[in-house]
Amino acid sequence: MQIELTEVDSSTDQRKIVLDSLPVMIGQDPGAGVRLDDQWVSRHHCEISVTKDTLVVRDLGSMLGTFVNGLNVTTAHLMPGDKLTVGITSFLVGYERRSRTERARRARRDTQPVPPAPVETQAATPEPGEPSNGRTRGRLPRLFSALFHLPLVRLRRKPR
């Protein structure tokens with residue numbers, strides 16, 4: 001996954017930062033993966049990592065906060081096209097997510113298919129000693145029947 005942070009709202013030329021490895025820390029610290037010379041950025045401001053092919057930004061306790069699309073966040077998903085603001089520096093996030101079908105193909109290729117377990121259906125019968133008048137009892141069975149589009153099973157007393 002190639003990730004680009006493109007600086008926006010800058011009086012200078014737009015600079016592009018390519019993130020080669022994740023997680024990466026953004027801040028003023030000399031050891032930060034992305035070092036910003038912005039007086040409003042903390043030494044350890046935020047961290048960008050990846051979870052299930054989606055970027056995640058996490059604020060590291062900065063004084064002024066981390067913003068995604070104008071909202072102050074502690075942890076948030078970064079989607080392609082989102083605006084990440086750290087201090088007074090803003091970046092446009094750019095990366096290509098793998099599609100669900102591609103992930104499914106990889107998952108199928110990596111694992112063996114498991115056949116589904118057979119499902120047995122059985123008509124409900126009342127417990128011994130429980131009264132049955134030929135109808136289901138209460139509203140709950142009708143509710144589940146309506147919600148899940150299941151046929152309503154009528155309970156009948158077994159002949160003795």
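With which side chain does the side chain of S62 make a polar contact? In the model, the partner is the side chain of H45, at 3.4 Å, where a polar contact is a pair of N or O atoms within 3.5 Å, of which, within protein, one must be able to donate a hydrogen and the other to accept it, and residues adjacent in sequence count only if both atoms are side-chain atoms. The model is predicted, and local features need pLDDT of at least 70, side-chain atom pairs count only at pLDDT 80 or more, while totals for chains, interfaces and linings use all residues. Residues are numbered from 1 along each chain as its sequence is written, and side-chain values use heavy atoms, with hydrogens and water left out.

The protein chain contains two helices and 11 strands, these being DSSP runs numbered from the N terminus (helices H or I, at least four residues; strands E, at least two). Along the sequence, their order is β-β-β-β-β-β-β-β-β-β-β-α-α. Of the 160 residues, 30% count as buried, a term that means under 20% relative accessible area, with exposed meaning over 50% and partly exposed in between (1.4 Å probe, protein chains only).

The largest nonpolar core has 22 residues, and those with the most contacts inside it are L5, L19, I26, I48, V57, L78 and L84; such a core is a set of buried Ala, Val, Leu, Ile, Met, Phe, Trp, Tyr and Cys residues joined through side-chain atoms within 4.5 Å. Several strands each supply at least two residues of this core, among them strand 1 (3-8), strand 5 (46-51) and strand 11 (89-95), and strand 11 gives the most, with three residues. When residues up to four places away in sequence are not counted, L19 touches I3, L5, V24, V34 and I48, contact meaning heavy atoms within 4.5 Å.

Two polar residues in loops are also described. S62 lies in the loop between strand 6 and strand 7 (66-68), and S62 counts as buried because its relative accessible area is 11%. A polar atom of the S62 side chain lies 3.1 Å from the backbone nitrogen of G65, and, with residues up to four places away in sequence not counted, S62 touches S42 and H45.

D29 is found in the loop between strand 3 and strand 4 (34-35), and its relative accessibility of 12% is why D29 counts as buried. The side chains of D29 and R43 are joined by a polar contact of 2.7 Å, and, leaving aside neighbours within four places in sequence, D29 is in contact with R35, R43 and H44.
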